[in-house]
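Thanks for making the time this morning.

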Amino acid sequence: MTRSRKNTIRNIAIIAHVDHGKTTLVDAMLRQSGSFRDNQVVEDRFMDNLDLERERGITIMAKNTAIWYRGVKINIVDTPGHADFGGEVERSLNMVDGALLLVDASEGPLPQTRFVVKKALALHLPIVLVINKIDRNDARIQEVINEVYDLFIDLDAGDEHIEFPILYTNAKTGVAHEKLGDASSDLQPLFETILKRIPGPLADDDATPQLLVTNLDYDSYVGQIAVGRLINGTLEMGRPVSLCGENGIVSPIKLTALYAFQNLSRRPSEKAEAGDIIAVAGIENVRIGDTISSVENPSPLPRIRVDEPTVSMIFYVNNSPFAGKEGKYLTSRHLKSRLETETLKNVAIQVRPLARKDAFEVCGRGELQMAILIETMRREGYEFMVSKPHVITKEKDGVTVEPVEHLFIDIPEDCVGVMTERLSARKGRMTNLQNSGHGRVMIEFLIPSRGLIGFRSQFLTDTKGAGVMNSIFDGYQPWFGPIPQRSSGALVADRPGRVTSYAVVAMADRGELFVEVGTPVYAGMIVGERNRNGDLEINITKEKKLGNMRSSTAEATVTLRPPRPFSLDQSIEFIAEDELVEVTPENIRLRKIEMDAARRLQDRRREQKAPESEDE
């Protein structure tokens with residue numbers, strides 16, 4: 001088998017930290033390659049086509065497109081920039097032969113950039129450095145380039161990787177420069193650099209077909225669609241294939257559709273050549289990591305391996321008094337089916353059965369990834385409950401080890417003391433401190449992953465919204481010991497009803513409420529945060545008793561303090577071990593696992609007695 005470079009194809013990934021302009025650059029490349037008609041109306045960031053991606057301003061799912069430049073097909077994979085979606089990054093990099101590393105001209109390479117670059121270097125991908133947002137007033141281009149060199153050296157990159165070409169871009173206006181200040185007015189320098197510095201794929205059209213499945217899609221007309229790179233050989237419509245899966249080989253299989261990517265769409269094709277990124281339909285039960293090969297001589301490729309999950313949550317069937325009123329999919333069968341479907345297209349998610357039939361343990365890469373899954377299911381009409389996230393520990397040489405994060409915080413100088421104190425209490429160890437001399441300080445910590453659960457909201461409060469926090473997985477270390485979690489108690493409704501303004505006024509000095517007047521509540525539902533330790537049962541539905549006597553001020557208007565609304569992410573961070581988040585398409589509620597107050601009291605007494613008996 002003789003493999004040769006295909007100069008008619010380039011497969012590239014664009015890797016960057018969140019919000020460094022990656023998707024905006026893809027927009028500009030598509031526009032300038034003639035992908036749209038002159039009069040075609042196109043939204044900005046059209047690669048971020050999921051509602052959640054547009055709302056949060058981040059790329060969640062890896063997506064690919066293809067453009068043509070000077071007769072060469074350039075397949076572009078837009079990868080997520082957040083470490084929680086590392087499963088997307090890892091399988092995307094398996095499809096490409098090089099990468100554009102996009103770095104903000106002011107912020108420089110940030111922690112998530114380090115995570116993705118490490119993956120790219122492990123695959124020996126050549127990298128082109130793109131310094132974006134060069135029009136920023138606070139741009140510090142040369143310092144950022146030096147920081148990128150330091151990053152590569154720190155990651156033990158070889159000489160062939162460190163000698164990367166550098167381009168300077170303003171993705172918003174669609175301009176790229178080989179040298180700052182040159183006469184370029186479009187992205188032509190970028191396209192030319194891709195053709196020169198990113199090699200074409202090594203492939204052999206005459207070899208046995210090998211298509212490595214790296215992504216899955218679904219179409220209501222043709223069914224499940226497998227997306228991947230055809231490593232070797234050719235695929236043709238009408239020629240049967242075999243599916244090489246984890247549990248054996250299935251053949252023969254007839255393809256019902258074969259697609260090539262062009263611009264933002266899939267175009268039907270009769271034949272696909274080696275080295276191209278394509279999509280096929282007609283193969284049932286295909287999974288990410290499978291190989292589609294020939295019937296005569298099936299030859300599977302090594303399966304895609306991703307980092308193990310570090311966080312788990314329990315998903316329960318909703319059993320609250322309001323269950324079934326707002327959702328479309330309610331049963332354990334619905335919940336199990338949806339979670340299993342997620343594992344088919346998301347290799348970083350694992351679902352483990354539990355002893356009870358109405359609950360499932362879902363394992364993922366971080367709180368953000370889990371929150372995205374929960375929010376997606378909520379919008380699809382699912383109704384369920386989730387527990388507090390827990391880290392996944394391991395046994396190593398008889399010692400319990402837990403996942404550890406490398407935490408980077410960029411905060412104002414006057415917040416250094418309080419942040420150091422907060423993170424020390426959560427078992428964080430400071431490893432580096434840099435004072436830029438401009439009123440801000442960059443501090444690095446090594447901290448257990450569980451120490452960051454519920455920390456983001458406190459971080460934003462303590463820094464008054466002026467802090468920036470990023471973290472990446474750093475490995476496993478011996479168990480750090482107990483970590484204090486939420487210090488305040490909860491205000492818990494002791495009976496069903498609707499929240500009244502009279503009760504809200506009476507509770508003003510007990511803590512902060514989460515619910516508005518008129519909100520229906522049930523016994524065991526959390527309606528606020530107490531300003532002291534320990535939970536407090538309250539009657540939040542109490543009404544004012546009306547008599548036949550009136551004073552002159554009785555009807556005076558009372559000013560109510562507005563409630564604190566919780567997003568899904570904040571709710572997951574807030575809850576304690578004995579609490580759940582109830583998720584429905586219309587509402588997000590907090591509740592106790594045990595809704596009966598008397599039983600909760602018995603449980604607390606039992607827990608208090610247990611340590612005493614151990615001491616004896």
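Before I point at anything, let me say what I mean by a nonpolar core: a set of buried Ala, Val, Leu, Ile, Met, Phe, Trp, Tyr and Cys residues that are joined through side-chain atoms within 4.5 Å. Please also keep in mind that what you see is a predicted model.

With that in hand, the largest nonpolar core here has 44 residues, and the members that touch the most other members are Ile 15, Leu 101, Leu 129, Ile 131 and Phe 152. The element that gives the most to this core is helix H5, residues 141-154, with 6 residues. If you centre the view on Leu 101 and set aside residues up to four places away in sequence, you will find it touching Ile 15, Thr 113, Val 117, Ile 127, Val 128, Leu 129, Val 130, Val 148 and Phe 152. Apart from that core lies another one, of 27 residues, which includes Val 362, Ile 526, Val 581 and Leu 590. As general background, nonpolar side chains in soluble globular proteins tend to be buried together.

Let me step back to the whole chain for a moment. The protein chain has 14 helices and 37 strands, and of its 616 residues, 52% are buried. When we take contacts between residues at least 6 apart in sequence, 73% of them join residues at least 24 apart. The chain exposes about 29400 Å², of which carbon and sulfur atoms supply 48%.

Now to the helix pair. How do H1 and H7 cross? The axes of helix H1, residues 22-32, and helix H7, residues 188-197, come within 11 Å and cross at roughly 90°, which makes H1 roughly perpendicular to H7. At this crossing, Leu 25, Met 29 and Gln 32 from H1 meet Leu 190, Phe 191 and Ile 194 from H7, so that by class the contact has 5 nonpolar residues, 1 polar residue and no charged ones. Helix H7 is mostly covered, with 7 of its 10 residues buried, and among those buried are Leu 190, Phe 191 and Ile 194, as well as Glu 192.

Leaving aside neighbours within four places in sequence, Glu 444 is in contact with His 406, Leu 407, Phe 408, Arg 429, Met 430, Thr 431 and Asn 432.

How values were computed: Residues numbered from 1 in each chain as written. Predicted model: local features only at pLDDT ≥ 70, side-chain atom pairs only at ≥ 80, totals over all residues. Heavy atoms only, no water. Axes fitted to C-alpha atoms, helices over the stretch in contact; angles between N-to-C directions. Helix = DSSP H or I, 4+ residues; strand = E, 2+ residues; numbered from the N terminus. Parallel < 35°, antiparallel > 145°, perpendicular 65-115°, else oblique. Contact = heavy atoms within 4.5 Å. Nonpolar A, V, L, I, M, F, W, Y, C, P; charged D, E, K, R; others polar. Buried < 20%, exposed > 50% of the residue type's maximum accessible area, 1.4 Å probe, protein only. Areas by Shrake-Rupley, 256 points an atom, 1.4 Å probe, with all protein chains shown as cover.
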